[in-house]
Amino acid sequence: MYEIKNAVWEITLSCNINCLHCGSNADINQRPKELSTGEAFALIEQLAELNCKRIVLSGGEPFMRKDWSALAQRIISFGIKCNMISNGYIVNEDIIDLLQEVGISYLGFSLDGATAKTHDYIRGKEGVFDHLLWVFDRLKERGFKISAVSTIHKGNIAELDGIKKILLDHGIDVWQIQTANIRGRMPKEWAITDMDYYSIAKFIAENRTRYKNIIHITEADCTGYYSKLTPFMGIKHWKGCSAGISTIGIESDGSIKGCLSMQDAMYIEGNIREQSLKEIWTNPNNFKYNRRFELSDLGGICKDCKYGPICRGGCSEKSMSYTGQLHNSPFCLYDMEKKGLV
């Protein structure tokens, strides 16, 4: 029986800004037929029954949903950890008060540039950068733990050091660095190269060690694997994509995927309006790409790799967005090292 350790829940697709690299194409509009408060409460109960350990409320922009605090409170009442990821632009004193009242102590915010010019351009709205820095400072004053998430591409890769300085200056606790996928509004010319990918991994490895007592720097599942750098990146034993194995993605209309980053509708395994979450999660015919993985599924540089049985081709969405197929991520630190490219 597979156990749900992490659920990432898009509680609304509505968003108050328009990020250029948004894979979901989120804007001010909601996804058609988003779950009601009652349906969301029922889903939380079903997640609790399946012993879900942590639920991350995301969007769109989760604070755009009026009942976000009620959902968070309900999650916490079942003893489940509840985190949120936001762009920060809507956060004000009232929301901070409510966060403290509900009991959410850990929040994630996106920071994609070291200057207002870069960050606001990527985010599609002026003033987002300056307001985010205010949010950082205000939340730290109130005792919150803060994680910053930076999505790296050609549009901002040169600003990694600058972003680091900002996060150090504002006392941010965790920094997750991930690479953008070619999805949604993401400009194709912003796609990273192999050398970009390796330089990002090297940056993580070097700075994670250097600042380990100040800020926890970590990679996302789209970076790492079996490289000489991985011991310095906080990656212990990569055992392949966790979608449908220990993680689940929930869209705001109740559609269930292994991972929200997997944008294609073909990865929807069911909807909680038609089946219980338990029926969807335990269905042996669901999440086949990971649960029924075979070595013959490997392609490209992953085919015949000695780590193939464990790695299973890296990040599923990275593989799909760049190659059009699973188990075939073109970005592999081990492969680059093996070929002497770095």
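Helix H2 (residues 68-77) packs against helix H3 (residues 93-102) in this predicted model, at an angle of about 20 degrees and with the axes 10 Å apart. H2 is therefore roughly parallel to H3 (an angle under 35 degrees). Axes are lines fitted to C-alpha atoms, for helices over the stretch in contact, and angles between N-to-C directions run from 0 to 180 degrees. Helices (H or I, at least four residues) and strands (E, at least two) are DSSP runs, numbered from the N terminus. H2 passes H3 in a right-handed crossing, with the near helix turned clockwise from the far one by less than a right angle. H2 contributes Trp-68, Ser-69, Ala-72, Gln-73 and Ile-76 to the contact, and H3 contributes Ile-95, Leu-98, Leu-99 and Val-102. Contact means heavy atoms within 4.5 Å.

Residues are numbered from 1 along each chain as its sequence is written. The model is predicted, so local features need pLDDT of at least 70 and side-chain atom pairs count only at pLDDT 80 or more, while totals for chains, interfaces and linings use all residues; side-chain values use heavy atoms, without hydrogens and water.

The largest nonpolar core has 88 residues. Such a core is a set of buried Ala, Val, Leu, Ile, Met, Phe, Trp, Tyr and Cys residues joined through side-chain atoms within 4.5 Å. Buried means under 20% relative accessible area, exposed over 50%, and partly exposed in between (1.4 Å probe, protein chains only). Trp-9 and Trp-175 have the most contacts inside the core. Helix H7 (residues 194-210) gives the most to it, with seven residues. Beyond its neighbours within four places in sequence, Trp-175 is in contact with residues including Ala-148, Leu-160, Phe-203 and Ile-217. Another core, of seven residues, lies apart; Ile-17, Cys-19, Cys-22 and Val-128 are among them.

Ala-191 sits in the loop between strand S6 (174-179) and H7. Ala-191 counts as buried, at 17% relative accessibility. Not counting residues up to four places away in sequence, Ala-191 touches Lys-154, Ile-182, Met-186 and Tyr-322.

Backbone geometry was also examined. Most residues other than glycine have a negative phi, and most peptide bonds are trans. Gly-59 and Gly-60 are joined by a cis peptide bond, with omega about 20 degrees. Asn-51 is not a glycine, yet has a positive phi of about 60 degrees. Asn-51 is partly exposed, at 45% relative accessible area. His-327 also has a positive phi, of about 55 degrees. His-327 counts as buried, at 5% relative accessibility.

Definitions and conventions: Parallel < 35°, antiparallel > 145°, perpendicular 65-115°, else oblique.
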